[in-house]
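Group the points by topic and give the cut-offs behind each term.

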Amino acid sequence: MAIAELNHRIWDPVHECLARADLERLQLERLHSTLERVYHRVPCYQEKFRQAGITPGEVRTLRDLARLPFTTKEDLRLNYPYGMLAVPMRDVVRIHSSSGTTGKPTVVGYSRNDLNTWSELVARFMTAAGVSADDIVHIAFGYGLFTGAFGLHYGAEKIGATVIPISGGNTDRQIMIMEDYRSSVLVCTPSYAMTIADRIERMGHSRQNLSLRVGLFGAEPWSEELRREIEQRLGIIATDNYGLSEVMGPGVAGECLVKRGMHIFEDHFIAEIIDPDSGEVLPPGAVGELVLTTLTKEAIPVIRYRTRDITRLHYERCACGRTLARMEKTRGRSDDMLIIKGVNVFPTQIEEVLFQVEGCEPHYQLVVDRVDNADTLEVQVEVNETIFFDEMKKQRAFIDLVEKRLASILNVSAKVKLVEPASIPRHEGKAQRVIDKRKR
Ligand SMILES: [Zn+2]
């Protein structure tokens, strides 16, 4: 579909199309108010600012933000559970927590205004993806402390769509309900969308029985190749959105139908890109770690939160009419980045290579180990029936091809192991792409 034919509806045209100078004026005003609040109400921030030798009053321009200390996940852990609150507990109306995989999770609280802002921002990216009051939204994220399901739920209700809060699990039932209730929008992780597509094909159902037209996928990094695969197999427009519970949840940024990056809702968040090693702010257009400062959050504002997500920001005007900066799909978290023989490797880079090779299925797993003091990387990939396991020669040639492509992209050698279709475990939440045996 040509861009000109797309209907670029905008939920909040006043704030999504501000001139840069007006946006920056609004950001500075909101930043001042946020800094005053955290300085006087959150002991952790008062201490951090004192150590950095700065007071909120000394932040006169947006550039001065770079003088403020970072907030890390560790700060949230140290203040577990309620130490980061900037409002009394009686003003907190909802608690969520991060889907932390190790140790204590981090707790986030929302005031009534925070919940309102959250659903407004989710309404923005849903509208940007073409969702309207006419849609039936199938939310297959697990409902619970994780922010994904509730975030999308209230955003969809805000725009007047019909919500099916099916939650995660039981893929066959998900498919039956999608068919019968005529779900038109699917909300889940991109890997679960693939699991659904697989299951539909294996059940012998046709995607023509589905009414799906749009997918809103998030909560894990995914490649452009995986997007094309999902779009083709489910017959939908697949869009990306971004958020993290420490900052709010989904609704920090979302894609419009131009699909050239996710618009960051800069009237509510200031985005910076830093060098993850030195902490220096990088110039516009550089690839680095995304750092976010909240401008309107009441219960748990965060100042310069280090997201660990690696991306790049674009400031040129978008064809959709929004003036908000766009962030590229995240390349993975700096935490997920594998260091193999001293080389930085992201699972999404491997995914991109696999998707370009005819015969590879979009299911893979990386096994990292250390043998004789050297790191090893094995890429287990499912192959479809066009690869004959009984023809050793052809199989060897295929493996050589994939290994060569991987080596040229990753700058490190990987061993490829072909596995039977459907042999890598499927997940209903986030996919487990990496098994790092060095960590045992
Ligand atoms: Zn746009």
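**Helix H7 and its surroundings**

Directly after H7 comes Arg182, which has a positive phi near 60°. Helices (H or I, at least four residues) and strands (E, at least two) are DSSP runs, numbered from the N terminus. This is a predicted model, in which local features need pLDDT of at least 70, side-chain atom pairs count only at pLDDT 80 or more, and totals for chains, interfaces and linings use all residues. Residues are numbered from 1 along each chain as its sequence is written, and side-chain values use heavy atoms, with hydrogens and water left out.

- H7 spans residues 171–181, and its buried residues are Thr171, Gln174, Ile175, Ile177, Met178 and Glu179. Buried means under 20% relative accessible area, exposed over 50%, and partly exposed in between (1.4 Å probe, protein chains only).
- The cover over the buried residues of H7 includes strands E3 (136–139), E4 (162–164) and E5 (185–188), together with helix H8 (190–202).

**Nonpolar cores**

- The largest nonpolar core has 65 residues, and those touching the most other members are Met126, Val137, Leu152, Leu216, Tyr242 and Leu292. Such a core is a set of buried Ala, Val, Leu, Ile, Met, Phe, Trp, Tyr and Cys residues joined through side-chain atoms within 4.5 Å.
- Helix H5 (residues 112–128) supplies the largest share of this core, 6 residues.
- Another core, of 49 residues, lies apart from it and includes Leu210, Val381, Val383 and Ala414.
- Beyond its neighbours within four places in sequence, Met126 is in contact with Val131, Val137, Leu152, Gly155, Ala156, Ile159 and Leu216. Contact means heavy atoms within 4.5 Å.

**Ile139**

- Ile139 belongs to strand E3 and is buried, at 0% relative accessible area.
- Not counting residues up to four places away in sequence, Ile139 touches Ala149, Leu152, His153, Val163, Ile164, Pro165, Ile166, Ser167 and Val187.
- Ile139 and Ile166 are 27 residues apart along the chain, and their C-alpha atoms are separated by 5.9 Å.

**Zinc site**

- Cys256 (SG), His263 (NE2), Cys318 (SG) and Cys320 (SG) coordinate the zinc ion at 2.1 to 2.3 Å. Donors are N, O and S atoms within 2.8 Å of the metal (3.2 Å for Na, K and Ca); water is not among the atoms, so sites may look incomplete.
- The site is tetrahedral, with angles of 103 to 115° among the 4 donor atoms. Four donors count as tetrahedral if all angles lie between 85 and 135 degrees.
- The sequence spacing of the donor residues is C-x6-H-x54-C-x1-C.
- Cys318 counts as buried because its relative accessibility is 6%.

- The structure holds 3 cavities of 30 Å³ or more. On a 1 Å grid over the protein atoms alone, a cavity is a set of points where a 1.4 Å probe fits but cannot get out, and lining residues have an atom within 4 Å of a point.
- The largest cavity has a volume of about 130 Å³; a volume is the space filled by probe spheres set on the points, which are joined across faces, edges and corners.
- Its lining has 13 residues, with His363, Pro425, Arg426, Ala431 and Arg433 nearest the centre.
- H8 and strand E17 (360–371) are the elements that give two or more residues to that lining.
- Gln365 sits in strand E17 and is buried, with a relative accessible area of 8%.

Technical notes:
Four donors count as tetrahedral if all angles lie between 85 and 135 degrees; four count as square planar and six as octahedral if opposite donors are over 155 degrees apart and all others between 65 and 115; anything else is irregular. On a 1 Å grid over the protein atoms alone, a cavity is a set of points where a 1.4 Å probe fits but cannot get out, and a pocket is an open set with protein on both sides within 12 Å along at least five of seven lines; lining residues have an atom within 4 Å of a point.
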